[in-house]
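Student: I have a protein model open beside me and would like to learn how to read it, feature by feature. Could you take me through it slowly?

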Amino acid sequence: MTKLIKINPGVRFGKPIIAGTRIPVELVVGKIAGGMEVKAVITEYDLTREQVLAALQYAAAIVSSEQFLSA
């Protein structure tokens, strides 16, 4: 996963992006969450299936590492 997702402070304000592009992980995840098909994301942003899945895996890893406080 780390080969496909990069963080560079000089690119997109240091947000995680798909390696070799300037496409933020949050854009890919947001498009899929909004109902866009994976194939459509691949076509629209000229990505591979592996890149899209890496973005989803990265987002899942971030969420799973968060600690939530109960109310």
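Student: Does glutamine 51 count as buried or exposed?

Tutor: The general idea is a set of cut-offs on relative accessible area: buried means under 20%, exposed over 50%, and partly exposed in between, using a 1.4 Å probe and protein chains only. Glutamine 51 has a relative accessibility of 12%, and therefore it counts as buried. Please keep in mind that this is a predicted model, in which local features need pLDDT of at least 70 and side-chain atom pairs count only at pLDDT 80 or more, while totals for chains, interfaces and linings use all residues. Residues are numbered from 1 along each chain as its sequence is written, and side-chain values use heavy atoms, with hydrogens and water left out.

Student: Where is glutamine 51 placed, and which residues does it touch?

Tutor: Glutamine 51 lies in helix H3, where helices are DSSP runs of H or I with at least four residues, strands are runs of E with at least two, and both are numbered from the N terminus. A contact means heavy atoms within 4.5 Å. Leaving aside residues up to four places away in sequence, glutamine 51 touches Leu4, Ile18, Ala19 and Asp46.

Student: How many helices and strands does the protein chain have?

Tutor: The protein chain has 3 helices and 2 strands, and reading along the sequence gives the pattern β-β-α-α-α. Of its 71 residues, 21% count as buried.

Student: What describes two packed helices, and what is the case for H1 and H3?

Tutor: Two packed helices are described by the angle between their axes and the distance between the axes. Here helix H1 (residues 25–33) and helix H3 (residues 49–65) pack at an angle of about 95°, and their axes are 9 Å apart. Because angles of 65 to 115 degrees count as roughly perpendicular, H1 and H3 are roughly perpendicular to each other. On the H1 side the contact is made by Val25, Val28, Val29 and Ile32, and on the H3 side by Val52, Ala55, Leu56, Tyr58 and Ala59.

Student: How does glycine 30 compare with those cut-offs, and where is it found?

Tutor: Glycine 30 is found in helix H1, and with a relative accessible area of 40% it is partly exposed. The C-alpha atoms of glycine 30 and leucine 56 are separated by 9.9 Å, although these two residues are 26 residues apart along the chain.

How values were computed:
Axes are lines fitted to C-alpha atoms, for helices over the stretch in contact, and angles run from 0 to 180 degrees between N-to-C directions. Angles under 35 degrees count as roughly parallel, over 145 as roughly antiparallel, 65 to 115 as roughly perpendicular and the rest as oblique.
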